[in-house]
Amino acid sequence: MSIKKTFCLTLASLMLFIGIQPVLAEYKADLTATSESITAYNAPPESTLITALYKNDMLIDVKMYQGANTITADFTKDMADNLNKATDIKAFLWDMTTLTPLSNKIDTKISLLPTTPPEVTPTPTPKNKTLVVYFSCTNTTEGIANHILNAAHADKYEIEAAIPYTEDDLKYYTGGRADKEQNDPTARPKIAGSISNIEDYDTIFLSYPIWHGQAPKIIYTFLESYDFSGKTIVPFCTSHSSGVGSSAANLHSICKGDNVIWKTGTRFASSASSSSVVSWINSLNLDIEMK
């Protein structure tokens, strides 16, 4: 047996023996016991279920069971050699990495164990948290973003330029600000404000207007400002005539983070109905909570 394992078993057994009540972690698990086994429900990944047999106050056997979600200690089989000598059984769920108890404690006479376990309701898996991000100078893109916000449980974040765009800035082929930015591969307009908890979100809807066939360069600024590792990004654009084209695909390479999942982008006209937006969301098979 390794030194670490021996230490953990000794420490766990000591806690069980002296009756320390574990402090429950944020991820709470439940222990139930019958005359044949002890089961941990809703166990976090890499949990260890520690089960100990005692004869009065003397420890006579300890077993560890590792796993996640549901872990069962079949002590009548695994500890059969010492079971007939034991008077008491104690157990709790243990995080071997942080040496932290994760559950309520079992501490009872073996003779008092019930033949059937109490009913335990598994903790439901939470839906992914969703963020709707949009950049909208003329309120067209904001309107589509609001359709999503009305249909799904999501937070919103509006990308606003540190220096707001004027009507003249947005005029095509005038040599104005938007023209210059779209023709400059290095342009990264500054954003006013930021998202302090981007790590909380699993799915991000990213919406923007089409400028000269591409996403505005301020969208590039946004994607280079955060770590999107492991997140799902759902791009969509608004335009009077242009499709999404290569605008979404061109964002992939500048997005920070590993293992980012990009959904295929789409385009909505300003007149798009709420029902058409909801139908599109449903077609994506996203793990998000709808209203």
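Q: Which residues does Gln 214 touch, leaving out residues up to four places away in sequence?
A: Gln 214 touches Gln 182, Pro 209, Tyr 220, Ser 246, Ser 247 and Asn 250. Here, contact means heavy atoms within 4.5 Å.

Q: What kind of model is this?
A: This is a predicted model, in which local features need pLDDT of at least 70, side-chain atom pairs count only at pLDDT 80 or more, and totals for chains, interfaces and linings use all residues. Residues are numbered from 1 along each chain as its sequence is written, and side-chain values use heavy atoms, with hydrogens and water left out.

Q: Where is Gln 214 placed?
A: Gln 214 is in the loop between β11 and α6. Helices (H or I, at least four residues) and strands (E, at least two) are DSSP runs, numbered from the N terminus.

Q: What separates the C-alpha atoms of Gln 214 and Ala 249?
A: A distance of 9.9 Å separates these C-alpha atoms, while Gln 214 and Ala 249 are 35 residues apart along the chain.

Q: Let us change topic. Which residues of helix α8 are buried?
A: In α8, which spans residues 274-283, the buried residues are Val 277, Trp 280 and Ile 281.

Q: Why are they on the same side of α8?
A: They lie on the same side because they cover an arc of only 100 degrees around the axis. The arc is that of the directions from the helix axis to the C-beta atoms.

Q: What do the buried residues of α8 pack against?
A: They pack against α4 (140-151), β11 (203-209), β12 (232-238) and β14 (266-268).

Q: How many helices and strands does the protein have?
A: The protein has eight helices and 14 strands. Of its 291 residues, 44% count as buried.

How values were computed. Buried < 20%, exposed > 50% of the residue type's maximum accessible area, 1.4 Å probe, protein only.
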